Every structure is written in C-alpha cells, then in structure tokens.
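My notes follow the model.

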Amino acid sequence: MEPSVIDLRHFRHGNLPEGFRQMLIDVHADAYADDMDDPFNQRFAWFVDHWSSAEGFTCVVAYDGNEPTGFAYGAPATPGREWWRDCGYEPNDGRTSTYSVSEVMVRPRWRKQGISERLHEALLRERAEDLTVLLVDVEHPKVQVLYESWGYRKVGERKPFADSPLFAVMVKDLRD
C-alpha cells in the first residue's frame, strides 16, 4: 500500500475548533479498539478535557484528506511536578523546563507509515522547554524502543493512577 499524503494541522489551547474533543475521542477509540474494556482507556475523555484545558496545550493532528489518522498532544509541565522528578533523574546544567507529551497515537489503518514520528516531531519543533518527557506502558517494550530511537531514554518508572499501567518515564533533552 502506498503511503497517503498526510496533512499535519496544529491546534492550541484557547483556539480549538468545534468537534475537536470528540474527534480526539473517536481516534482514540479506533486506536485502542481492542483495549476499550479497560477502565483506564474508558477515561480518555477526562484526559482530553484535562490536557486541552491546560495553558500551553498544543496538539498536532494528522489528516488523510478530511479523515483524522492520528494525533500527538501535550502541555508544559508544572514546575516541580514533572514526571521525571521522582526518578532520581538530574537534568543537564539544572535546566528543568519540561514539555509533557501526553499522547501520540495513530489509527490502525495508517500505522507503519512514519506518521507517529512526524506527529511527534511537529509537536516538539517549536518548543522552548529544555526537556520533554513521556510515559510508556512497560508492557509495550517495542514502543519504548521506538521512543529511544527518537532520542528518549528511560529514567525510571511510575504509576500515576491506581488503575493505570506501570509506565516507563522517558526523557529527551531538547537542547542537545
């Protein structure tokens, strides 16, 4: 199958179009169709509301024509509450401003075309923070290897919610 021409569109807190929230929820439902019986995945709408209401929220959505194929989003971390804080990680030269990547997902039909990497790169391209951090379910080592190929390294593990998976905490220096 020849890769589709994918259009990347950028969105920001305070300027989200009508239907944006539902579009993210629908893409997530398709991307996680086999795991939607998991209560943690069923709470995705709450996460969309939480993240999209954050000052500094940014999102990049990939489209094939008018069809959303995937997205990546996040927001600047609250100073002192960055996900890497409890892991013993020490940033280079004390540079701690952090952008938290909350989600990177691509719907099954469009996977294995490099779209997730394009989304991730577009999301971080204009960031002013020193670091970016993301969490990866430790039960998905192939995803962790993918993020390592993008320059991340595992600095610890955390379980942010009682019903969440155990996540690898992965950090990438944006100022290298």
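How many helices and strands does the protein have? I counted five helices and seven strands. Helices are DSSP runs of H or I with at least four residues, strands are E runs of at least two, and both are numbered from the N terminus. The order along the sequence is β-α-α-α-β-β-β-α-β-α-β-β. The radius of gyration is 16 Å, close to the 16 Å from the globule rule for 176 residues, so the protein is as compact as a globular protein of that length. I took that radius over C-alpha atoms; the rule is 2.2 Å times the number of residues to the power 0.38.

This is a predicted model: local features need pLDDT of at least 70, side-chain atom pairs pLDDT 80 or more, while totals for chains, interfaces and linings use all residues. Residues are numbered from 1 along each chain as its sequence is written, and side-chain values use heavy atoms, without hydrogens or water.

Next I looked up burial. Buried residues (under 20% relative accessible area, 1.4 Å probe, protein chains only) make up 44% of the 176 residues.

Which residues of helix 4 are buried? In helix 4 (residues 115-124) I found Ile115, Leu119, His120, Ala122, Leu123 and Leu124. Their cover includes strand 1 (7-12), strand 2 (58-64) and strand 3 (67-76). Strand 4 (98-106), strand 5 (131-137) and strand 7 (167-173) are also among the cover.

I then checked contacts (heavy atoms within 4.5 Å). Of those between residues at least 6 apart in sequence, 70% join residues at least 24 apart.

Terms used
Buried < 20%, exposed > 50% of the residue type's maximum accessible area, 1.4 Å probe, protein only.
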